[in-house]
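Good morning, colleagues. Please turn to the sequence and the structure that I am about to display.

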Amino acid sequence: MTDADAPVPPEINDIAFSDLRESLQLGWRDLCRAPLFGLAFAAVYVAGGWLILWATTTKGQIWWTLPAGAGFPILGPFIACGFYEISRRLEAGTPLTLGGVLGVIWQQKDRQIPSIAAVIVVFFLFWNFLAHMIFALFLGNAPMTNVSSSLAIFATGDGLAMLGVGTVVGAVFATLLFSLTVVSLPMLLDREVDFVTAMLTSLALVQENPAVMLTWGALVAVALFAGMLTGFTGLFVVLPLFGHATWHLYRRAII
């Protein structure tokens, strides 16, 4: 490979708060232009959320959350690529067909997206391990029957301490994972770069624009939480909106 054929390293733009607002506006526009596509991809997450909710509340079997939750980091990057591909086609004026979008998603299995999915799975499993350790440290000796009938234990001193420590540790994990993936996923769909370069570029973007990008992360977290509070039905709007908006934020952030 000659120097002329070598991939051009991604360059990072400065991002302003106005870019977040405009990305959301463009994301909403894309959602309105292709609502059925967004609903179809979001349905995967909503179905998974209902499965976890059923397992923990109806059956009281929290162990179901591990295999059910593991599907999210595995399928998540591919579902996200669906939103990005829809926005990319709308942006380029390319015909928007279900077969075309699904075909692009299928092609990602032979590119770098599975490597990103593997990293997310490692994060998920390590966080699951730490969460069990934190729970055992504070509430290991507490009498509990199941999650749905023992909620009062979380209002005790040990329960509140466990929630506090778990929240802080979880926030650190979430911030790091967000920093590594916020623009790396759309970049891997859009460019021929390796996943390490994409993740380091994403991390550098957050480091160079910490206030703006962490605000974006907080917006995503709050919107997802609000969507889940509605019995996960709010995710039918939240996921497509922020999926499309992330594509437009990537286009503004990376040259």
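What is before you is a predicted model. The protein has an average pLDDT of 85, and 82% of the residues score at least 70. Which elements mark the two ends of the confidence range? Helix H1, residues 17-33, has the highest mean pLDDT, at 97, whereas helix H3, residues 65-92, has the lowest, at 78.

Let me now turn to the loop. Between helix H8 (195-208) and helix H9 (210-229) sits Asn-209. Is Asn-209 buried or exposed? Its relative accessibility is 6%, and because buried means under 20%, Asn-209 counts as buried. Leaving aside neighbours within four places in sequence, Asn-209 is in contact with Ile-12, Asn-13, Asp-14 and Ile-15. With Ile-15 there is a polar approach: a polar atom of the Asn-209 side chain lies 2.9 Å from the backbone nitrogen of Ile-15.

H9 packs against helix H10, residues 235-253, at an angle of about 165°, and their axes are 9 Å apart. The two helices are therefore roughly antiparallel, and their crossing is left-handed. Which residues make the contact? On the H9 side they include Met-213, Trp-216, Leu-219 and Val-220. On the H10 side, Leu-235, Val-238, Leu-239 and Phe-242 are among them.

Thank you for your attention.

Technical notes. Residues are numbered from 1 along each chain as its sequence is written. This is a predicted model: local features need pLDDT of at least 70, side-chain atom pairs count only at pLDDT 80 or more; totals for chains, interfaces and linings use all residues. Side-chain values use heavy atoms; hydrogens and water are left out. pLDDT is the predictor's confidence in each residue, from 0 to 100. Helices (H or I, at least four residues) and strands (E, at least two) are DSSP runs, numbered from the N terminus. Buried means under 20% relative accessible area, exposed over 50%, partly exposed in between (1.4 Å probe, protein chains only). A polar contact is a pair of N or O atoms within 3.5 Å; within protein, one must be able to donate a hydrogen and the other to accept it, and residues adjacent in sequence count only if both atoms are side-chain atoms. Contact means heavy atoms within 4.5 Å. Axes are lines fitted to C-alpha atoms, for helices over the stretch in contact, and angles run from 0 to 180 degrees between N-to-C directions. Angles under 35 degrees count as roughly parallel, over 145 as roughly antiparallel, 65 to 115 as roughly perpendicular and the rest as oblique. A crossing is left-handed if the near helix is turned anticlockwise from the far one by less than a right angle, and right-handed if clockwise.
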